[in-house]
Amino acid sequence: MIRENVERLLKELPPGVELEAAAKTRTAEEIMEAIRAGVKIIGENYIGDVKKVYPVIGKKVRWHFIGTPETQKHDLLRKKNLEIFDMIETIDSVEIAEEIDKRCKSIGKVMPVLIEINSGREPQKSGVMPEDVETLIRKIARLKNIKIMGLMTMGPRFGNPEDSRPYFIETKKIFDKIKKLNIPNVEMKYLSMGMTNSYRIAIEEGANIVRIGTKIFGERKK
Ligand SMILES: *Cc1c(COP(=O)(O)O)cnc(C)c1O
């Protein structure tokens with residue numbers, strides 16, 4: 001099932017759009033099946049999951065952190081875990097960026113990151129408010145052991161994917177605006193948006209990474 005799902009998705013995605021398998025709660029066996037079918041990026045939300053699956057899978061794919069850094073800071077900042085991740089997609093404050101920068105400096109790594117946008121302006125959700133993105137990026141861009149590579153957004157959850165479109169459009173506008181500013185140490189390359197329900201709309205609006213869980217692995221049990 002997983003293999004067929006991945007193959008179908010890879011056929012469907014236009015050139016230049018990368019498939020990231022959102023793997024929270026999935027076993028190493030499930031993730032391996034996705035990798036054998038062609039998945040090259042694994043997105044994980046929880047360090048606890050990474051502990052279980054990384055030792056089996058290792059460095060044959062790119063690992064992206066897509067969880068909330070603040071709630072798992074202690075674990076995320078461990079040398080071992082910072083070494084595992086090829087990108088952190090969910091940076092939304094100078095404070096967390098500074099802590100990651102400091103630890104990365106001590107282990108001799110430059111961490112590629114995306115800035116998470118709270119495109120729905122939902123008070124309880126993570127991500128920086130659209131109007132604060134530029135200021136935040138200018139501050140984080142000064143950190144030497146972090147490299148901003150683009151933006152990520154979740155957007156509000158809707159039954160009808162079409163309702164997500166305005167939030168993707170807004171995030172893409174910010175992406176283009178920041179890109180034009182040519183801020184030193186900022187390379188606006190990746191726009192990570194769209195999940196199982198909304199990835200087609202996200203691609204139409206400029207996403208070049210889509211984070212897909214359910215459509216690859218099936219419904220989550222937990
Ligand atoms: C779970 C998750 C996804 C994928 O969600 P699905 O609806 O299962 O495709 C994408 N992004 C993040 C940050 C997630 O936590």
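A polar contact is a pair of N or O atoms within 3.5 Å; within protein, one must be able to donate a hydrogen and the other to accept it, and residues adjacent in sequence count only if both atoms are side-chain atoms. This is a predicted model: local features need pLDDT of at least 70, side-chain atom pairs count only at pLDDT 80 or more, and totals for chains, interfaces and linings use all residues. Residues are numbered from 1 along each chain as its sequence is written, and side-chain values use heavy atoms, without hydrogens and water.

Threonine 196 places a polar side-chain atom 2.5 Å from an oxygen atom of the ligand. Threonine 214 also has a polar side-chain atom 2.5 Å from a ligand oxygen. For asparagine 45, a side-chain N or O atom is 2.7 Å from an oxygen atom of the ligand. Alone, the ligand exposes 380 Å², and the protein buries 95% of that (accessible areas by the Shrake-Rupley method with a 1.4 Å probe; for residues, only the protein chains shown count as cover).

The ligand is surrounded by 14 residues (a heavy atom within 4 Å). Lys24 and Gly213 are among the closest. By class, this shell has six nonpolar, four polar and four charged residues (Ala, Val, Leu, Ile, Met, Phe, Trp, Tyr, Cys and Pro are nonpolar; Asp, Glu, Lys and Arg charged; the others, Gly among them, polar).
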